[in-house]
Amino acid sequence: MLADLPILSLITFSPLLGILVLLFLPKHRSRWLKATAIIATILPLLLSLWLYADYDSTKGGKAYEETATWLDVSLNKEAVGEVGSYQFELQYHMGVDGLSMPLLLLTAVVGVMAALASVHVKKRWKSFYIWFLLLEIGMLGVFLARDVFLFFVFFEMTLIPMFFLIGIWGYMNRERAANKFLLYNGIGSAIMLIAFVILVATAGFRAEQVPEKQQTNLSYCGSYEVITTNLTKADSYVNMSTEQTQGQENPFYLSERMRWVIFLLLLIAFGIKLPIFPFHTWMLRVHTEAPPSVVMIHSGVLLKMGAYGLLRFGVFMFPAVAEDWKVAIAILGVVNILYGAVLAVVQKEFKLVLAYSSISHMGIVLLGIASLNEIGLHGAIIQLISHGLISALLFLIVGSIYERTGSTELKDLGGLARSMPFISGILLTAGMASLGLPGLSGFIGEFLSLLGLFDSQQAVTCVAVLGVILTAVYVLRSILGITFGAMPEKLAAVRDARLIEAVPMITLLAFIVLIGVYPAVLTEPMKHGFDTLLQQLSEKAGR
Amino acid sequence: MEAVQQQLQSLTWSDAAYLAPEWILVAFTIALAVLDLFLPRQSSRSSIGWLTLGGLAISLGFAIWRLTDVIDKVGKTDANGQPVSHVIRLMGDSYRIDVFSSLLKILFLVATMLIVLMSLGTVRKTDISDRGEFYYLLLPAVVGAMIMASSGDMITLYIGLELLSITTYVLVGIRKHAVQSAEAAFKYVVTGGISSALLLFGMSYLYGITGATNLGAIAQGIQQHASEYPALLYVSFFFILAGLGIKIAAAPFHYWAPDVYQGAPTPVTAFLAVVSKGAAFAIIFRILYNVAFFASSPDYPIADDVFLAVLVIAAAAMLIGSTMALRQVNVKRLMALSGVANAGYLLVPVGLSLKGMHASNVGEFIFYLAAYLLMTIGMLAVLSVINKSVGHDEIGGFAGLYYRAPWTAAAVVVFVLSLAGLPVTGGFFGKLFILLGAAESKLYWIIAIMVVSSVISYYFYFGIIRQMFMRATIDTEVRVPVTTGIVIWLCAVATVVLGIVPGPVLDFVNDHFSIVSDLFVRLQ
């Protein structure tokens, strides 16, 4: 029944409903505006939960796919001779599989929680929520789009709202943070676009015979399916080297070196988003300057888009190249883990501790990807989801603390357990999840990623484990300092969480515990998501 | 001898009918000039503005009719089964009405109509004392551009260029009392003169080698003589490129642009940025694809070198335009430098030449030109409104525009996104199609330069957004005149429409346009 509905489009565009309502609401009615925005984020959550319930991992997501022609642009045929048609095809193609399903849920959950957390926003509510919902549409679309250009459009759709959200509603240096965000991510998407354009012009080419009309239809297509099929089929144009075409020039052939280049471009493009070590400076600024609810989205979902893109377009499309590069990726991951952890230990500002901890935790994702086996890949995805939930929760708490104390400097905070026991309790638990306490989600992600990697790269794994120790150091140092320790005079009177803050905290924590004790909620839909990839890898190994 | 006679073939009455779009504009110019003399001094000249608009509309109607007529004949055969050419050739093929020229003419006319419409709301008597002249001088300028698009002969081409140039010299300096305007006009005249000289010098070599002025005849001659005079041909093509490079304001020939754009009245700036530039591109297409394309000898790959030179100029224009714009605080100068970068983007499909299976250059060019037309005119229309309110063109005039005029601010967001090449706008797809073309031609380095320059440009385009949304407002009321408002909204809506359904425009061009019959000039 669900398969008859265009469920993926409904999920993606349901926040649009909220935007339409918001447009007609008067701008000083903050209560109505907030309510509308929250409801508009609950819609995609409900729909994606429904999809999750209906999703059967053995059958995959084929049944839910939606394909429609967005554009069929004719190209000038003068250089190709007699053909039926010569086109550039751009499809509106949405799909879901084991890889996108968990991330879709994460986005929907964090979206609602961030909307609830936006109660701290003090000005221009109407435009805040409109940008917020546009951002949500972009994020949902990124995980569901199955056409490279459609993916790009959604990816850019997250860029512009984020620029406004940081630049208008952020803290003191918000504009510089917004600029830095825009430029770094602009460069990232530009590099991604280069890779996509080259891919479409080579691997996206197909020639279809139409026997009844005795003609050939030529097209360049951006569809993910077409590109991956062409890349795997031995007799497609993209795989035919000059020797195989009897010396004829084949403009669509992608040589081994070109594949490396494209993979590298994608690694850099998504590495900026992820962020991988030398490209991380922009995200520190965003973490410190953006309003807490936006950081929840940013740290909770946007960083995950980098890992998702790397998997979807880098590893899935070029498994052979990924195999060659896996040690490099693993080393990048270890660098991220240690660099992030070491710097997190010495930070004086709580938000920066969390920012560096994000870098460290995203390194673990890279390890999981580099393992290129089922355990490790599952670990990477669980780590993505788990870190998304934990960092969303931590920044939710940061927002609440900042609102009460006006500071997030570690030296200004202390002994909060006495004045706000509830928030402190949640903070402690979130910290435990972050350092990987068994029974909470962080443990599962870390453990599986490391386990997967240990299979092939023992030495790297051993170094990476050092990061786990450092994580314990910085988490305990900062969080214990905030909750216990000496309490400054002025903090004695602060109040504990209100209901509207408590609800998202409890919900996020519930998910963290759920994944921690019963990870099957995530591994179940992922079960067959990596089958094709693993099969290709084993074929390559067997050859 | 026969060829000479064909060259001298005179204009008949039936030929004249094909030229209706041009005649109408000329007639309107004369009539309006006379009317301007007889109208009382103190009467508002907006009636002349509306009549100008009417003249352009009639001309546009004829141009569209001509285009449908031409398209109807595409692929038709005569009684003997021979294919008939759909191209109308006048005066020994020196004046051609084909799909290429008709499409460009339509774009020029639409652009000029938008410009006139936007001037009707914002041009003040205190600023431009001769408003009548301002309106009707736009007409011969468009005629010049149309002649440039249609010509198949170096002489007609040059006449069109000079007609356009001389009228725009006057238009740039029309704010007689403003020092800046006079300075701009002077600079424009001087660089314009240099440009014409370079172009003529280059063309004289082509004439010297082939003994012909008709592009088709030159193409034939070149094929025979290219191997004898490679050096002369290089000189010729590089001079022609330099001359036209000045006209389209591509780096390194762009230094006049910021000063001239700043000094000229805003509508004239828009005219220079869109029509003047587009017309020069028409010539570039005609000359390069008719002549340079065939200039190759076994020892010297002249054609490849010339097209490579075009790409190098394009790359320089993109990078220099974007980086120089970073420090601009005057929006008009910023638009001038953005125009330099955009000239670079537009040059890419020209420089791609015809490689492999890729032949959609003109489609890509026309689409991006249309998108560029909309975003540039829209942006300058907003600027003219803001100038009217705050009295200057600095970027600070946009401060807090979101609070003062939220809908105009929304339109500016659309233009900025399109200029920066972000989805879903016409500018995004324009760039995407050019990128795909370059990828099909395997020119990956130009792709890298295009996207890098786009990213650099984010900084200054989003600077306008920062002003509008993140700066305290200034207390001057922004009143958007109805006509200018219409222009702003037409441009904004069309930009978004091009961004959501870019297909029809490209389909139309690629289905009907043929390089062989619409771009190449061939002696029959």
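This is a predicted model: local features need pLDDT of at least 70, side-chain atom pairs count only at pLDDT 80 or more; totals for chains, interfaces and linings use all residues.
Local features need pLDDT of at least 70 and side-chain atom pairs count only at pLDDT 80 or more, while totals for chains, interfaces and linings use all residues. Residues are numbered from 1 along each chain as its sequence is written, chains are lettered from A and ligands numbered from 1 in the order in which they are written, and side-chain values use heavy atoms, with hydrogens and water left out.

User: In what order do the 4 strands of the open sheet in chain A stand?
Analyst: Helices (H or I, at least four residues) and strands (E, at least two) are DSSP runs, numbered from the N terminus; two strands pair if DSSP finds at least two bridges between them. Strand 1 (residues 66-74) and strand 2 of chain A pair in the antiparallel sense over 8 bridges, whereas strand 2 and strand 4 (residues 215-221) of chain A are parallel over 5 bridges. Strand 3 and strand 4 of chain A are antiparallel over 6 bridges. The pairing is mixed and the order is 1-2-4-3.

User: How many residues of strand 2 (residues 85-94) of chain A are buried?
Analyst: Buried means under 20% relative accessible area, exposed over 50%, partly exposed in between (1.4 Å probe, protein chains only). Both faces of strand 2 of chain A are covered, with A:Gln87 among the buried residues on one side and A:Phe88 among those on the other. The count is 10 of 10.

User: At roughly what angle do the axes of helix 8 (residues 256-273) and helix 11 (residues 319-346) of chain A cross?
Analyst: Axes are lines fitted to C-alpha atoms, for helices over the stretch in contact (heavy atoms within 4.5 Å), and angles run from 0 to 180 degrees between N-to-C directions. The contact includes A:Trp260 of helix 8 and A:Trp325 of helix 11 of chain A. The two axes come within 11 Å and cross at roughly 35°.
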